[in-house]
Amino acid sequence: MVSMAGGWQGFSMEDSRKRNIEMQENFKELSPAEVLVKLQRGNARFWTGCASRPEASAFERRAMIMQQFPSTAILGCSDSRVPVEVVFDQGLGDMFVVRVAGNSLDTSTTASLQYAVKHLSVKVLMVMGHEGCGAIKAAGLPIAQIEQEPQELANALKMLKRGLDEQRLKNVHDARAYDREAVITNVRRQVEGLCRDAAIMKKVQDEELIVVGCFYEISSGIVDFFMEVTEAPTAAADPHLVMRGVHSGVQSRMEYHVDQTPKADCEGSEQGVIEGSKSSFMPPSPDSAPVKPSEGDGIYSPTGTSSQSHKTDSDDKFTVLVSEEK
């Protein structure tokens with residue numbers, strides 16, 4: 001450490017470089033499952049009022065100049081009540097954050113997440129909606145009313161509206177339940193969009209990446225990890241919703257087929273893009289009840305529906321085929 005003008009003390013750039021290398025090594029040692037647990041624990045600290053609110057020193061910030069090593073990339077909403085670093089009690093350099101109204105995929109948001117996966121090698125890719133989302137509420141309005149908005153805003157709302165499955169949502173009569181179901185439906189649509197990127201799904205297949213869908217309840221502060229993505233069995237042509245998560249603290253999983261079809265055989269699409277289906281998520285059947293946490297489950301789940309076990313032969317009874325045509 002050397003004394004600087006004005007009494008400020010700092011480290012040399014050589015020290016900063018060494019610290020940056022240490023940060024890189026620490027990042028490489030983290031597994032996707034460990035990063036997911038870190039997020040769950042950070043949120044638990046937040047909603048229980050025990051947040052550590054990590055702050056980087058001037059030296060730590062200087063070490064970050066060379067390179068960043070975020071472990072998580074998140075597509076969240078731009079709502080002022082949903083600051084993701086605060087909600088997960090994370091610090092500078094921990095999260096690569098993309099925020100846009102309605103946490104929706106478009107050219108810019110998709111490109112940003114692709115960059116995080118390909119070039120930053122994030123371990124967890126998350127789409128998070130939230131309670132009381134104004135964009136989702138507005139997307140549920142009649143088209144005539146939406147078209148009274150400025151053109152760019154109207155286009156964004158109509159894009160969200162197309163994925164809401166409003167016919168099914170009409171069956172939900174409780175206002176709070178409707179709000180949650182609409183937001184979750186939108187999150188699932190955005191996760192489906194990410195699943196069409198074969199590069200992302202290849203990382204899922206190689207267990208280098210966990211893709212999750214979450215719902216943030218503003219009133220309690222709890223983040224509900226309601227869905228993750230796993231590779232579907234070879235025989236499964238369509239996505240499946242399975243009411244048992246692979247990782248602790250996650251309620252369910254969407255089994256998605258990893259398309260390895262070459263470009264020449266994939267009509268109307270680019271190589272490395274999984275063909276989108278017209279499927280829509282169906283409500284789980286009564287026989288598809290969530291599984292209680294196992295006794296060895298060491299991670300607290302606010303929803304009480306978690307499991308450490310991986311796929312087994314008994315999973316078939318928890319499977320709901322996604323086959324409803326639009």
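I looked up aspartate 89 first: it is buried, at a relative accessible area of 5% (buried is under 20%, exposed over 50%, partly exposed in between; 1.4 Å probe, protein chains only). This is a predicted model, so I kept in mind that local features need pLDDT of at least 70 and side-chain atom pairs pLDDT 80 or more, while totals for chains, interfaces and linings use all residues. Residues are numbered from 1 along each chain as its sequence is written, and side-chain values use heavy atoms, with hydrogens and water left out.

What does aspartate 89 pair with? I found a salt bridge to arginine 45, at 2.7 Å from N to O (the rule: a side-chain nitrogen of Lys or Arg within 4 Å of a carboxyl oxygen of Asp or Glu). The two sit 44 residues apart, arginine 45 in helix H2 (residues 32–47) and aspartate 89 in the loop between helix H4 (84–87) and strand E4 (95–99). Helices (H or I, at least four residues) and strands (E, at least two) are DSSP runs, numbered from the N terminus. Arginine 45 is partly exposed at 30%.

Next I checked arginine 180, which bridges to aspartate 224 with the closest N and O atoms 2.5 Å apart. This pair also links distant parts of the chain, helix H10 (residues 175–195) and strand E7 (residues 223–231). I get 29% for arginine 180, partly exposed, and 7% for aspartate 224, buried.

Glutamate 192 and arginine 196 pair at 3.8 Å. I also noted that shared partners join Arg19, Glu22 and Glu60 into one network. My count by this rule: 14 salt bridges.
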